[in-house]
Amino acid sequence: MGETFGVLAAVLSSGLGGTSIGATRYLVGSIDPLAIGSFRFGIGFLLLLPLTLLRGDRWPGRGDWAAAFALGILFFAVFPILFNASLIFTTAARGALALSTLPLLSLVIGAALGAEALTWRKSIGVVIATLGVAVALLTDLTSAPPAAWRGDLLMMSAALCMALYGIWSKPLIRRSSPIAFTTMSMAAGAACLILLSYVRGSFAPVASFGAPQWLAASYLGAFGAALTFYLWAFALERTTPTRVAISVTVNPITASLVGAWLLHEPLRWNLAAGIVAVFAGIWIATTTGERAPPANASASSRP
């Protein structure tokens, strides 16, 4: 049951991440990627800190501080810079597909580092889920700006950061608690982004923010950072990095559904087919495929 809850938490985390793409795309036109990341993870940290203190969760030990800070900068500073910058050059659909290489990267790197076993079932599930994303985004992938390949490469680099974080943070999360580790790591990343944003003058456009911009920034902090990455850490504590990473294929699906709901974008056959393939791939990669023997099997085999 613990592993099942971990996979469900990862799916919910990725679903929320898909809704954050729209808010990010909206803010890219007003402030630069550094400032967007500062708002997202600065607000996220301010929401997680009191919750962590009230719960009395176990913080990472002193011996793990350096690793927690380094992983925080990798995941909550380098990753959002690459993620936000990629959406300047490419479309949301292409960016979502590039990010969906995360489970493949996690599978290969995890096997290379000995973090988890490489199995045919996981590999097939990852391929099917990734193909499902491509099918779901089929109609949106044909139109792309001239420099879209730059954005695609930036997003794949962001996926690499995410894969390394998922693999390296798992033992640290187990020695502390998901929410405390996420809070400490997010603090390191947010501090780095805020300092860089201040030096570059990235906060200057904030003076002209209206209600829509503040709403988008607040949503990114509360749901796109605090809740999304708490669920991600919760999942990493309970299951393997690849099984967590494959849930990211849900990200573009929820982004498309939100677009249909809020922006009245049409739902096409390929989206329905992609949803089926994505969840089929997740099921294949996160289950063993072995059936438990019937309860009376052992009894019937007795002489």
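Start by selecting D32, which caps the N-terminal end of helix 2: one of its side-chain oxygens lies 3.2 Å from the backbone nitrogen of L34. The model on screen is a predicted one.

Next, select helix 2 itself, residues 33-55. How far apart are its end C-alpha atoms? They are 33 Å apart, and this agrees with the 33 Å that 23 residues should span at 1.5 Å a residue. Step past the end of the helix to G56, which takes a positive phi of about 70° just after helix 2.

R55 is partly exposed, at a relative accessible area of 48%. D57 is buried, at 14%, because buried means under 20%.

This pair belongs to a set: the whole structure holds 3 salt bridges. Side chains of opposite charge can pair when their charged atoms come close.

For another of these, select R175 and D64, whose side chains meet in a salt bridge at 3.0 Å, N to O. R175 lies in helix 7 and D64 in helix 3 (residues 62-89), so the pair ties together parts that are 111 residues apart in sequence. Is D64 buried or exposed? D64 is buried, with a relative accessible area of 13%, whereas R175 counts as partly exposed at 47%.

Then move to E237 and R238. Their closest N and O atoms are 2.5 Å apart, forming a salt bridge. E237 counts as partly exposed, with 22% relative accessibility, and R238 is also partly exposed, with 30%.

Return to helix 7, residues 148-175, and select W149, which lies in this helix. W149 counts as exposed because its relative accessibility is 51% and the cut-off for exposed is over 50%. Together with W149 they form a nonpolar patch on the surface, with about 330 Å² of accessible area between the three.

Finish with the cysteines C161 and C192. C161 is buried, at a relative accessible area of 8%, while C192 counts as partly exposed at 27%. How many disulfides does a search of the whole structure find? The search finds 0.

Key:
Residues are numbered from 1 along each chain as its sequence is written. This is a predicted model: local features need pLDDT of at least 70, side-chain atom pairs count only at pLDDT 80 or more; totals for chains, interfaces and linings use all residues. Side-chain values use heavy atoms; hydrogens and water are left out. Helices (H or I, at least four residues) and strands (E, at least two) are DSSP runs, numbered from the N terminus. The expected span of a helix is 1.5 Å times one less than its number of residues. A polar contact is a pair of N or O atoms within 3.5 Å; within protein, one must be able to donate a hydrogen and the other to accept it, and residues adjacent in sequence count only if both atoms are side-chain atoms. A disulfide is a pair of cysteine sulfur atoms within 2.5 Å. Buried means under 20% relative accessible area, exposed over 50%, partly exposed in between (1.4 Å probe, protein chains only). Patches are made of residues with over 30% relative accessible area and no salt bridge: like charges are joined within 9 Å, nonpolar side chains (Val, Leu, Ile, Met, Phe, Trp, Tyr) within 5 Å. Accessible areas come from the Shrake-Rupley method with a 1.4 Å probe; for residues, only the protein chains shown count as cover. A salt bridge is a side-chain nitrogen of Lys or Arg within 4 Å of a carboxyl oxygen of Asp or Glu.
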